[in-house]
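Hi,

Here is the structure I said I'd pass along.

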Amino acid sequence: MTARRIVLGVAGVILLAVAWELYKALAPADGLVIGGLTVLPRTSDAAMPHLWTMLGRALEPVSGAAGSPLLVVATLQAAAFSLGVAGVGLLVGVVVGVGLAMLMQRFRTAESALLPWIVLSQTVPLIAIAPLVKRWGATLHTESFRWEDWMSVAVIASYLAFFPVAIGALRGFEAPDAAHRDLFRSYGVGWWRSFVRLRLPASVPYLVPALRLAAANAVVGTVVAEVSIGLNGGIGRMIIVFGQSGSADPAKQWSPIAGAVLIGLVAAGVIVLLGTVLRRYRRAEVTA
Amino acid sequence: MSAAVTVTGVNKTFASKKQTTIALEAVDLEVAAGEFVSLIGPSGCGKSTLLRLIADLDAPTSGTVQVFGKSAKQARLDQDYGIAFQQAGLLPWRTVRENIELPLQLHRVAASARRARGDELLALIGLGEFGDRYPDQLSGGMQQRVAIARALAESPKLLLMDEPFGALDEMTRERMQTELARICADTGAAVVFVTHSIPEAVFLSDRVVVMSPRPGRIREIVPITLGGAQERTEGLREDAAFFAGVSAVREALHGGTPTALGVDNR
């Protein structure tokens, strides 16, 4: 089963590569233009470099300057940096999301008061909140603490990540059926111990998919927020900078794009791993 | 020693916007220590409601419910009763042993004492080798046995059971009844047992409380004289006294009017 899935996964990647090269080989160089509208993309080397050109470029130095690191090394460094920021963002998002869900589960009025705002929060475009976060953060300066740009990026990532967690956790915390709630009431234990022993474990089947979404959101949020905030060192900024040198060095920008994909894969992999660790909590509920 | 359960002048109404439903009206009942009492009656007669009042999962509208001379709430907080429902209600992420030990863990019993009690209970319900299985690996009857063991974990002197065998097939059901009789003989706990089945009530009970619906009332209490719990064995099901008990309960259920043969004989 696992072997089959691995083979299928590899086959999917190969298929994509073949499709890319086939299209490049067969489609007209200027793309398909109908009535002045480009319906299919251009296949010139500037628009669609060969896969091996991209790979080859990745193994060359970033620039002609002396001591410039290999493109692949620089990309991996940037990816690691962005992954770290996204990880912080995800962590904050999970804490906030689970905290809000606990509050809403505990107090019915909190649910009525908070839930509409939580949903509404996601309709605010990221671009709009980025400068706000940066400005508010700047007011947090003290002697020993300096608000850094990467913190702003992490906050924005957490802003996107907390939402699925809050919604999923709330559903999960309310998943135990009446018989289980009665049982815990009969044990005469308080809210907290019922929460730890019943609601929290029962929420895992809802939390794991929510975390998968949250991780993806955190990665996308980080990459985009890096651009909005103007944070250097991460993959988001790299995509923009290399993109600007597009016509001169078209293969270059594909390295950071691959890096962004890599971050997403690592983040998703971590959640899969977490789901495996928690598998005993994901056994199907069986009724007698 | 005070009675296990004393219900005095209890009324229970459920009020919704549209109407008020009288679930229980003027109910008086006393269950002696170690006594097995079944509540039987058609749907809507309030038998489950009465059980929930005793368990303090609901509060009576008026009247009092005492358990071992204390308020029902105090008895709940003191863990004076164990409870089992129609659905086994095991936590799917816990093994059989962990499910049985759940109330002990919640009440901070030391791990070693917990383990010893778990072993005892696993032996009592005959699932000694299944301690490390998960509920979804067990049949319905086995799950229900685990639920009963969990109810017995803190050695309560009172067991409250709401149609615990209602979802089981007939053969499993009879075996579970025999098993429950044996467990009661072993533990000497009083039992309040809600059921739909006349033979089940007669087979297990010292007294059968027959209830009628709308409003929920106690119509009649039928004493069953089949001997102590240790005498409730398979052979009893063929006994003339057993059939007499079944007839008596059935007549009480149908308000004393003679009924045709072949009534629900589950």
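Before the notes on packing, one definition: a nonpolar core here is a set of buried Ala, Val, Leu, Ile, Met, Phe, Trp, Tyr and Cys residues joined through C-beta atoms within 7 Å. A residue is called buried if 20 or more other C-beta atoms lie within 10 Å of its own. Also keep in mind that this is a predicted model.

With that in hand, the largest nonpolar core has 82 residues, and the ones that touch the most other members are B:Ile40, B:Ile54, B:Leu160, B:Val191, B:Val192 and B:Val249. Helix H6 of chain B (residues 140–152) provides the largest share of this core, seven residues. Where does this core lie relative to the two domains of chain B? Domain 1 (5–80 + 156–253) and domain 2 (91–149) of chain B both give residues to the core, so it lies between them.

Now the domains themselves. Chain B is divided into domain 1 (5–80 + 156–253) and domain 2 (91–149), and their C-alpha centres lie 25 Å apart. Eight residues from domain 1 of chain B and seven residues from domain 2 of chain B take part in the contact. What classes of residue does domain 1 of chain B put on the side that touches domain 2 of chain B? That side has six nonpolar and two polar residues, with no charged residues.

On to the strands of chain B. Strand S1 (residues 5–15) pairs antiparallel with strand S2 (residues 20–31) through eight bridges. The two form a hairpin with four residues between them, and B:Ala15 stands opposite B:Thr20 in S2(B). S1(B) also runs antiparallel to strand S4 (residues 62–67) of chain B, with five bridges joining them. S4(B) in turn is joined by two bridges to strand S5 (residues 70–71) of chain B, again antiparallel.

Chain A has another make-up: ten helices and two strands, in the order α-β-β-α-α-α-α-α-α-α-α-α along the sequence. Its C-alpha atoms fill a box of roughly 75 × 55 × 45 Å along the principal axes. Of the 288 residues in chain A, 35% are buried. Among the contacts in chain A with a separation of 6 or more, 71% involve residues 24 or more positions apart.

Last, where the chains meet: 20 residues of chain A are in contact with 21 residues of chain B. Helix H7 (178–186) and helix H8 (191–229) of chain A each supply at least two residues of the side of chain A that touches chain B. H7(A) gives the most, with six residues. By class, that side of chain A has nine nonpolar, four polar and seven charged residues.

Cheers

How values were computed. Residues numbered from 1 in each chain as written. Chains lettered and ligands numbered in written order. Predicted model: local features only at pLDDT ≥ 70, side-chain atom pairs only at ≥ 80, totals over all residues. Pairing = 2+ DSSP bridges. Contact = placed C-beta atoms within 7 Å. Nonpolar A, V, L, I, M, F, W, Y, C, P; charged D, E, K, R; others polar. Domains from an automatic or database assignment. Buried ≥ 20, exposed ≤ 12 C-beta atoms within 10 Å, placed from the backbone.
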